[in-house]
Structure formats: C-alpha cells, structure tokens
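What follows is a guided reading of one structure, moving from a contact between helices to the spaces around that contact and then to a strand residue. Please keep the sequence and the model in view while reading.

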Amino acid sequence: MDLKSGYPFWAISNGLMHAFPPLRQDTRCDVVVIGGGITGALIAHELVAAGHDVVVVEQRDIGWGSSAASTALLQYEIDTPMSELARRYGEADAVLAYTACAEAIPRLGTLAREVRDVGFAKMHSLYYASRRRDVPAMQDELALRRKHGLAVEWLSTDALRGDYGIEAPGAILSRLAARMDPYRMANRLFARLERRGTAVFDRSTIHSIEAGSQGVTLRSSDGIRLRAKHVVVAAGYASQQWLKTPVARNRSSYAFVTDPLDPDALHGLADTMAWETARPYLYLRSTADHRLLVGGEDDAIDVPALRDARVDRKARKLVGKVARAIPGLRLTPTFAWGGTFAETDDGLPFFGPHAQYGPRVHFAMAYGGNGITYSMLGAELIRALIERRRHRLASLFSFARLERKP
C-alpha cells in the first residue's frame with residue numbers, strides 16, 4: 001500500500017536513520033513481527049524484554065509507512081467519548097478502555113526516556129466544543145470522567161480565549177497527554193533491539209502465511225521461509241489485506257507543520273494539544289522545536305493519486321480552520337502531507353488472533369486517533385496471549401467484540 005503523500009515532517013527531519021538488512025535466508029524463531037513501524041517496535045520490544053526470540057520483517061524501510069506520517073498525539077482520550085462507549089458496551093468497559101489508555105501514557109514516557117532523543121514531552125489535552133449545542137454532551141462526559149477518577153476540568157469561553165486564544169463555547173482540559181516523534185522512536189527502538197541480538201529485516205515482503213497447530217510458516221516474495229511459534233501482523237493499515245472481511249474503514253487524513261514559531265506566539269498551545277468535537281476534527285499540537293503541527297480534513301479517499309492531488313488544498317483549508325478557531329494565529333505551512341488511516345466503528349483497536357488463521361496468528365490493529373497509546377497496551381496484551389495468560393483487555397480489544405450488539 002502507498003500510505004502517504006507529500007512531505008511528512010518526521011521523514012524530512014530525520015531522513016533514513018539506520019540501515020537494516022533484507023531477509024536473505026530461512027529462519028526459525030519464537031515470534032515473527034510483520035511490520036516495522038511504531039506498533040511493531042513496541043510489540044517487538046515487549047516480547048524481547050520477556051525473553052522471546054523475535055524476528056521483525058518490514059516491506060519498506062523501517063518506520064517509512066504510516067509512522068512517518070503520524071502526528072503522534074499521545075492521549076488517553078479515544079475518538080469515541082467515554083459516555084458513548086458506555087451506552088454501547090456498558091460503563092465498566094468504557095471506563096476500562098479510558099483508564100487503560102491513561103495508564104499507558106506514563107509507561108510510554110518511561111520507555112521514551114530509556115530510548116532517549118525521541119522528542120517526547122508531557123502535554124495537556126484540550127477538547128473544545130465546535131458548536132454551542134455540543135456543550136451539554138461534553139459536560140456529561142466531564143462528569144463521567146470525574147466519577148471514575150480522571151482529572152479533568154471545564155474551561156469557559158473566557159478562559160479559552162484568555163489562555164489559548166481559542167474562540168469556543170467551552171472545553172474539557174486534561175493534564176495527561178504527551179507528544180513524540182514516532183518515526184524516530186520506531187527507528188531507535190529497532191536499532192537498540194538489533195544491537196542486542198534481535199534480527200530486524202526491512203525491504204522484505206511476506207507473501208503468504210500458513211498457520212498450523214504447532215506453528216506458522218511464512219514465505220517471502222523471494223521464496224525465503226520463516227518458521228515461528230507465533231506471528232504478529234503489525235503492518236498498520238495494510239494489515240487488513242490479510243483478512244477476507246475488513247474490520248475497519250481506510251480513509252485519508254491531512255496535516256501540515258509550520259516553521260519554528262516564537263513560543264510566546266503559541267500561548268497555551270506550547271504545552272497543550274487541542275482538538276474539537278466536530279467530525280472530522282481539527283487538531284493542533286506543538287513540536288519539540290516550537291513548530292505547530294495541524295491536522296484534520298479527513299475524507300473517504302483511499303486512492304493514493306487522488307490523495308496526492310489534495311494535499312495542498314487540504315493544507316489551505318486547515319489554515320483557514322485554524323484562523324477561524326484562533327483568530328490571532330496566522331500560520332504558513334512549511335511541509336504538508338496526507339496519509340492513510342483506518343477507523344473502527346467504535347473507535348477501539350483489535351489485538352489478538354482472528355478465526356481465519358487460528359490462535360497462533362495475532363493481529364495488532366491500533367486504529368484510531370490515539371494509535372500509539374493503543375500500541376503500548378497492545379504490546380502487553382499480545383505478550384499475554386502468546387504466554388497463555390489472561391489480560392483484562394483481551395475481550396474488549398479482541399475480534400470477539402464484533403459479535404457484541406451495540
């Protein structure tokens with residue numbers, strides 16, 4: 001799949017960070033991870049730390065798929081509000097999803113500090129009302145989060161204008177969020193794994209998966225065989241190509257980044273990411289070097305040539321949306337890009353085996369607006385499944401969820 005268009009900022013700023021070899025000979029291991037993006041990196045790290053012999057295979061250069069185009073908003077907040085999840089699956093499961101994501105962010109921070117130099121920083125998250133009629137539902141959301149121990153506060157129109165320059169009828173402010181360079185994190189994680197003995201191969205395409213009762217055999221497009229006890233398909237939005245029935249909708253999203261700005265011009269946005277209730281939503285967050293990254297304008301296009309042609313026009317529309325939401329902020333895109341993303345009906349990810357392949361082939365589909373947070377949780381979940389241990393998220397984040405009636 002062609003997953004991105006234009007000039008993704010992380011790929012431009014970092015370039016090709018590390019050279020990994022292609023797969024050249026038949027190999028055996030405990031677990032093969034298919035996918036060399038941030039999701040595959042977090043899963044491989046978790047499994048190797050637990051003592052599993054892991055081989056990683058990526059069809060592109062490491063990190064060069066969706067991770068290079070990700071805007072990396074690290075939030076516990078899911079695209080689907082907690083109150084809506086509660087109506088769909090019950091309050092207990094809604095709380096479980098949100099609190100698990102909240103716990104994942106500090107763990108991401110701990111790992112980022114170990115890896116070092118990945119642009120990680122703590123932030124706040126500001127979820128503002130696009131329209132006045134959105135306020136009652138947001139206040140219900142605020143009350144539900146508070147009920148279950150999530151630290152949030154309500155900001156009035158005046159507070160939003162004074163602290164952030166945002167013209168909106170109200171907002172929920174959370175102080176638990178973060179930012180990161182996902183491409184750099186993936187590359188540095190894989191380089192560290194390689195130094196410690198894990199085989200990481202890029203520019204190598206897996207052509208077939210044959211699952212049996214004792215193990216899994218993979219064949220590359222060059223005819224090379226990989227035999228493993230388990231396989232994790234962590235190929236991002238391309239993972240659905242391995243399933244007969246899609247479980248998510250592939251769409252396109254667009255973003256741009258500015259030149260470095262005077263930190264004073266960013267006001268509260270220097271350490272706060274902002275996103276709105278409208279769908280698709282506008283979102284903004286700063287980078288480590290004081291640029292502003294703006295995204296949104298999602299559409300149903302999943303044709304690379306059409307997405308390519310829309311990047312500049314979408315960037316201009318995003319500039320206009322920022323100007324309307326924050327009248328005092330005038331932005332000029334320096335690099336603009338578009339990329340494929342996928343969304344599930346309920347905003348939750350899928351981790352674990354699918355009936356099509358049996359229990360030894362696990363999928364890691366961290367789909368949605370906070371995919372990196374999901375990936376951190378999914379790494380622990382998939383490790384538990386491989387080790388035949390129970391995990392509290394196994395039911396909620398599995399394909400079995402598709403059988404639940406909303």
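This is a predicted model: local features need pLDDT of at least 70, side-chain atom pairs count only at pLDDT 80 or more; totals for chains, interfaces and linings use all residues.

Helix H3 spans residues 82-89 and helix H5 spans residues 135-147, and the two pack with their axes 8 Å apart at an angle of about 75°. Because angles of 65 to 115 degrees count as roughly perpendicular, H3 and H5 are described as roughly perpendicular to each other.

The helices H3 and H5 also take part in the lining of an open space, the second largest pocket, as the elements that give two or more residues to it. The volume of this pocket is about 280 Å³, and its lining consists of 14 residues, among which Pro81, Tyr127, Ala137, Met138 and Thr277 lie nearest the centre. Helix H5 gives the most to this lining, with four residues. What is the make-up of the lining of the second largest pocket in nonpolar, polar and charged residues? Its residues divide into four nonpolar, two polar and eight charged.

The structure holds one cavity of 30 Å³ or more, and about 30 Å³ of space lies in the largest cavity. The lining of the largest cavity is formed by Glu77, Ile78, Asp79, Pro81, Tyr98, Tyr127, Glu141, Arg145, Trp275 and Arg279, and these residues divide into five nonpolar, no polar and five charged.

The last stop is Leu74, which lies in strand E4, residues 73-75. Is Leu74 buried or exposed? Its relative accessible area is 0%, and since buried means under 20%, Leu74 counts as buried. Leaving aside residues up to four places away in sequence, Leu74 touches Ile105, Leu108, Phe120, Ala177, Ala178, Arg179, Met180, Met273, Ile372 and Thr373. One of these contacts can be followed along the chain, for Leu74 and Ile372 are 298 residues apart in sequence and yet 6.7 Å apart in space, from C-alpha to C-alpha.

Terms used. Residues are numbered from 1 along each chain as its sequence is written. Side-chain values use heavy atoms; hydrogens and water are left out. Axes are lines fitted to C-alpha atoms, for helices over the stretch in contact, and angles run from 0 to 180 degrees between N-to-C directions. Angles under 35 degrees count as roughly parallel, over 145 as roughly antiparallel, 65 to 115 as roughly perpendicular and the rest as oblique. Buried means under 20% relative accessible area, exposed over 50%, partly exposed in between (1.4 Å probe, protein chains only). Contact means heavy atoms within 4.5 Å. On a 1 Å grid over the protein atoms alone, a cavity is a set of points where a 1.4 Å probe fits but cannot get out, and a pocket is an open set with protein on both sides within 12 Å along at least five of seven lines; lining residues have an atom within 4 Å of a point. Grid points are joined across faces, edges and corners, and a volume is the space filled by probe spheres set on the points. Ala, Val, Leu, Ile, Met, Phe, Trp, Tyr, Cys and Pro count as nonpolar, Asp, Glu, Lys and Arg as charged, and the others, Gly among them, as polar.
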